[in-house]
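Here's a quick briefing to read alongside the model. Have the sequence and the 3D view open, and we'll go through it topic by topic.

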Amino acid sequence: MGGTRFIGVFLSRLLVKEGHQVTLFTRGKSPIAKQLPGESDQDFADFSSKILHLKGDRKDYDFVKSSLSAEGYDVVYDINGRESEEVEPIIDALPKLEQYIYCSSAGVYLKSDTLPHCEVDAVDPKSRHKGKLETESLLQTKGVNWTSIRPVYIYGPLNYNPVEEWFFHRLKAGRPIPVPNSGIQISQLGHVKDLATAFLAVLGNEKASREIFNISGEKYVTFDGLARACAKVHSCWWVSEPEIVHYNPKEFDFGKKKAFPFRDQKAKHVLGWKPEFDLVEGLTDSYNLDFGRGTFRKADFTTDDMILSK
């Protein structure tokens with residue numbers, strides 16, 4: 001579920017490479033397989049020939065139950081589930097399911113002055129990700145073997161959220177980087193390919209049974225540091241040092257956007273999983289495969305909209 005966009009694109013390739021038979025459940029409104037920037041025609045053709053497709057709407061619960069029960073899948077990767085009612089029909093349709101692997105969010109934690117957050121920390125039932133929490137609760141009560149992954153801010157090639165893209169556009173346009181307050185606030189990012197390997201690491205892993213894992217990069221970064229890291233990417237031939245402008249966020253209204261505080265990661269100790277990319281390497285991978293080839297969406301250079309939180 002959610003195998004044709006960002007995380008799912010990289011995860012599905014890893015699963016196929018490992019020899020698994022992979023079915024992508026989609027509405028069929030976009031191509032089932034998308035060639036990655038830099039991927040050879042032969043590798044793409046090989047991947048495309050090995051994936052299966054099940055067309056349908058996951059909110060058509062009757063169809064979900066009938067189609068999934070007919071196939072009898074062993075494992076479900078749910079990358080795009082947001083509400084518990086979207087998950088229950090899947091579980092009901094697969095009584096012999098070996099594992100349900102769910103993509104939750106690190107945004108579920110209750111705001112705290114003591115960090116980093118651990119997987120056992122208090123959560124916020126009123127967060128905008130409350131549907132993720134309700135889904136985790138459903139998985140626990142259903143008695144299914146489940147694993148939940150809670151990623152932080154995700155960046156990397158094919159990102160549809162303007163995380164690194166926003167910085168790259170402003171740097172390339174020669175514009176300053178507005179950063180709220182002092183700029184030393186700490187946040188945390190995780191590369192999409194590292195996240196995909198974490199999803200692979202929990203598959204069939206007894207240590208991951210009925211467990212929750214925070215997944216991100218190893219190091220934390222300040223808001224100013226993120227701007228500087230983006231400037232280092234590909235030597236950023238258009239700028240040697242970013243112009244950072246600090247401002248008072250109380251003078252602006254950015255809606256409900258917020259930054260994730262940093263998280264501890266049980267996965268490193270329990271699963272032996274370790275991220276491959278540090279921040280600059282990951283941003284370079286993102287830039288070279290996306291921005292450098294013009295595949296990011298068009299940015300509006302006429303506004304000073306911020307993606308950073310106060």
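Which ring does R13 lie over, and at what distance from the ring centre? R13 lies over the face of F47, 4.2 Å from the ring centre; a charge sits over a ring if NZ of Lys or CZ of Arg is within 6 Å of the ring centre and within 35 degrees of the ring normal.

Before the rest, some ground rules. This is a predicted model, where local features need pLDDT of at least 70, side-chain atom pairs count only at pLDDT 80 or more, and totals for chains, interfaces and linings use all residues. Residues are numbered from 1 along each chain as its sequence is written, and side-chain values use heavy atoms, with hydrogens and water left out.

**The whole chain**
- The protein chain has ten helices and twelve strands, taken as DSSP runs (helices: H or I, at least four residues; strands: E, at least two) numbered from the N terminus.
- Of the 310 residues in the protein chain, 49% are buried; buried is under 20% relative accessible area, exposed is over 50%, and partly exposed is in between (1.4 Å probe, protein chains only).
- Take the contacts (heavy atoms within 4.5 Å) between residues at least 6 apart in sequence: 81% of them join residues at least 24 apart.

- T4 is found in the segment before α1 (7-17), and with a relative accessible area of 24% it is partly exposed.
- Leaving out residues up to four places away in sequence, T4 touches V9, L24, T26, P31 and I32.
- T4 and T26 are 22 residues apart in sequence, with 7.9 Å between their C-alpha atoms.
- R5 puts its charged end over the ring of Y160, 3.6 Å from the centre.

**Aromatic pairs**
- There are four aromatic pairs, counting rings of Phe, Tyr and Trp (its six-membered ring) with centres within 6.5 Å; planes under 30 degrees apart are stacked, over 60 edge-to-face, and the rest tilted.
- One of them is F6 with Y160: the ring centres are 5.8 Å apart and the planes at 75°, so this pair is edge-to-face.
- That pair links distant parts of the chain, 154 residues apart: F6 is in the segment before α1, and Y160 is in the loop between β6 (153-155) and α6 (164-172).
- F6 is buried at 5% relative accessible area, while Y160 is partly exposed at 40%.
- F25 and F63 form a tilted pair, 6.3 Å centre to centre with 50° between the planes.
- F25 lies in strand β1 (residues 22-26) and F63 in helix α3 (residues 61-71), so the pair ties together parts 38 residues apart in sequence.
- F25 counts as buried at 8% relative accessibility, whereas F63 is partly exposed at 27%.
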